[in-house]
Amino acid sequence: MEQTAKNTIVSLKDIFVRFDGEVILNHINLDIHEKEFVTILGPSGCGKTTTLRIIGGFVEPESGDVIFDGKRINGTPPNKRNVNTVFQKYSLFPHLNVFDNVAFGLKLKKVPKDEIKRKVTKMLATVDLKGYEKRNISKLSGGQQQRVAIARALVCDPDIILLDEPLGALDLKLRKCMQIELKEIQQKTEKTFIYVTHDQEEALTMSDRVVVMNNGVIEQIGTPEDIYNEPVNAFVADFIGEANILNGTMIDDCRIKILGRELECVDKGFGKNTPVDVVIRPEDIEITSPENGQLVGTVEKLTFKGVHYEISVRCGKCEILIHSTKSAEIGSEIGMRVIPFNIQIMNKLLPFYDNIIETEVTYSSEDENCFEFELEGETVKVENKYFAQGTSVKITLPPEALSLAGDGIGHLKDVYIESVVYKGEHNEIILESDERKWLMLSDTDEQVATYVPLAFDFSKAQFEVIDKTEEG
Ligand code: ATP
């Protein structure tokens with residue numbers, strides 16, 4: 001039983017998809033096992049639906065293989081794959097009753113009448129709609145309509161059910177009930193469910209495994225516990241649940257420095273004095289007296305959340321979030337402790353912090369004290385700095401020298417927002433232009449997977465003349 005549960009039913013191998021010249025899926029690999037509930041989770045526009053459509057046969061990859069039960073099925077049309085899809089808009093037939101909606105696929109397949117009756121009746125019982133056979137579709141609630149759509153997808157006995165945000169149209173309470181029901185239906189029917197959502201709580205509730213996607217790549221695949229407790233990077237930690245994500249330095253194995261203090265942790269192998277991202281979940285911070293605290297801060301906000309208090313603590317420039325059953329007085333100084341096991345260390349999303357441009361001066365004016373250079377097809381003018389035309393210059397822009405500009409006035413017009421992670425002090429934003437990645441800091445929330453104009457403040461830049469003669 002354990003053995004068969006691990007059989008791979010569908011594999012995506014090195015799948016690459018481009019729409020209108022833009023990379024949508026960037027060489028993704030994914031194995032899905034028989035009878036498992038897998039959720040593809042990620043922000044809007046990251047490529048979740050496209051991944052589902054590749055499995056369903058509605059999109060063909062530019063390269064890479066789709067393997068079904070060991071056979072390559074690229075090019076096989078959707079109706080020839082043993083897969084059925086449930087969409088957010090259930091696309092039920094309003095003029096047919098519940099029974100006929102569910103029976104529709106079987107009738108098309110010319111299944112004998114008595115067999116249709118047996119299968120539909122059994123399926124309606126599975127989705128808890130026994131006795132609703134004659135009901136008109138328009139007389140059903142959203143949750144009931146959703147169950148009809150699932151019954152219709154399941155009745156033809158596909159190996160895999162694809163579900164694209166199927167609960168998105170339901171209100172929160174109903175959605176939560178349906179999450180549990182869906183999981184029960186999946187367990188009863190022993191089918192493989194591949195589910196797409198941008199709701200992390202939904203993914204954690206229902207799934208055997210979660211696939212976290214961002215920007216056309218898979219960031220992490222794991223059980224809900226894995227991705228919550230052991231996120232591989234700041235993006236996953238930020239996307240899954242609430243987290244304090246802090247800049248830290250791995251001093252040596254099992255020694256981390258954050259907020260000016262050295263703490264013990266359990267991670268090894270990051271080298272010495274390596275900049276890292278550190279994740280501490282709010283519920284893993286214990287409140288103690290300032291003398292006993294590994295970290296010390298001042299309580300700024302306190303909100304009662306029913307089961308716990310949400311406490312915001314200022315620790316130098318940083319804001320730390322704590323979930324605790326203990327209360328704390330606003331304005332008081334408290335100590336905070338975290339056991340080594342609950343300090344997660346991760347490699348930085350962008351290993352190199354410097355935004356570096358190496359270029360040649362294309363025009364300059366000593367009188368006006370300025371120069372120009374070409375950057376990814378744009379002419380960029382730098383004021384209050386002069387280098388002779390033809391000089392090779394290295395320009396280093398610290399993250400605070402970058403900002404999002406108004407339409408049409410940025411130095412680069414269309415830069416893609418790849419990730420936004422709150423670091424207790426400000427958002428760290430990773431941007432992607434045609435030729436490189438950039439790191440900037442921002443106090444405002446920005447929408448990932450959108451295009452923005454980017455501007456540079458050259459008064460904060462460092463300039464260095466590159467001596468070409470040294471390069472041999
Ligand atoms: P959402 O949660 O918003 O549905 P998603 O993660 O499911 O997002 P996809 O629907 O896979 O994302 O889309 C990924 C990107 O591909 C988006 O930028 C989208 O605009 C683009 N895209 C999707 N389908 C097409 C298409 N047929 N032609 C051109 N671009 C497309």
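Strands E1 and E2 run antiparallel and are joined by 9 bridges, where strands are DSSP runs of E with at least two residues and helices are DSSP runs of H or I with at least four residues, each numbered from the N terminus. Two strands are taken to pair if DSSP finds at least two bridges between them. The structure is a predicted model, in which local features need pLDDT of at least 70 and side-chain atom pairs count only at pLDDT 80 or more, whereas totals for chains, interfaces and linings use all residues. Residues are numbered from 1 along each chain as its sequence is written, and side-chain values use heavy atoms, with hydrogens and water left out.

When residues up to four places away in sequence are not counted, Ser11 touches Leu30, Asp31, Asp65, Val66 and Ile67, contact being defined as heavy atoms within 4.5 Å. With one of these residues, Asp31, the side chain of Ser11 makes a polar contact through the side chain of Asp31, at 2.7 Å. A polar contact is a pair of N or O atoms within 3.5 Å; within protein, one atom must be able to donate a hydrogen and the other to accept it, and residues adjacent in sequence count only if both atoms are side-chain atoms.

Strand E3 (residues 37-41) is mostly covered, since 5 of its 5 residues are buried. In a regular strand the side chains alternate between the two faces of the sheet. In E3, Phe37, Thr39 and Leu41 point one way and Val38 and Ile40 the other way, and all are buried. Strand E3 pairs in the parallel sense with strand E8 (residues 192-197) over 5 bridges, and in E8 the bridge partner of Leu41 is Thr197. Strand E3 also runs parallel to strand E9 (residues 209-214), to which 4 bridges join it; here Val38 stands opposite Arg209.

Glu418 is buried, with a relative accessible area of 12%. Leaving aside neighbours within four places in sequence, Glu418 is in contact with Asn214, Asn215, Ile430, Leu431, Glu432, Lys437 and Val448, and its side chain is joined to that of Lys437 by a polar contact of 3.0 Å. The C-alpha atoms of Glu418 and Val127, which are 291 residues apart along the chain, are separated by 40 Å.

For the protein chain as a whole, there are 9 helices and 30 strands, and the C-alpha trace spans about 90 × 60 × 45 Å along its principal axes. Of the 472 residues, 49% count as buried. Among contacts between residues at least 6 apart in sequence, 65% join residues at least 24 apart.

Note on methods. Buried means under 20% relative accessible area, exposed over 50%, partly exposed in between (1.4 Å probe, protein chains only).
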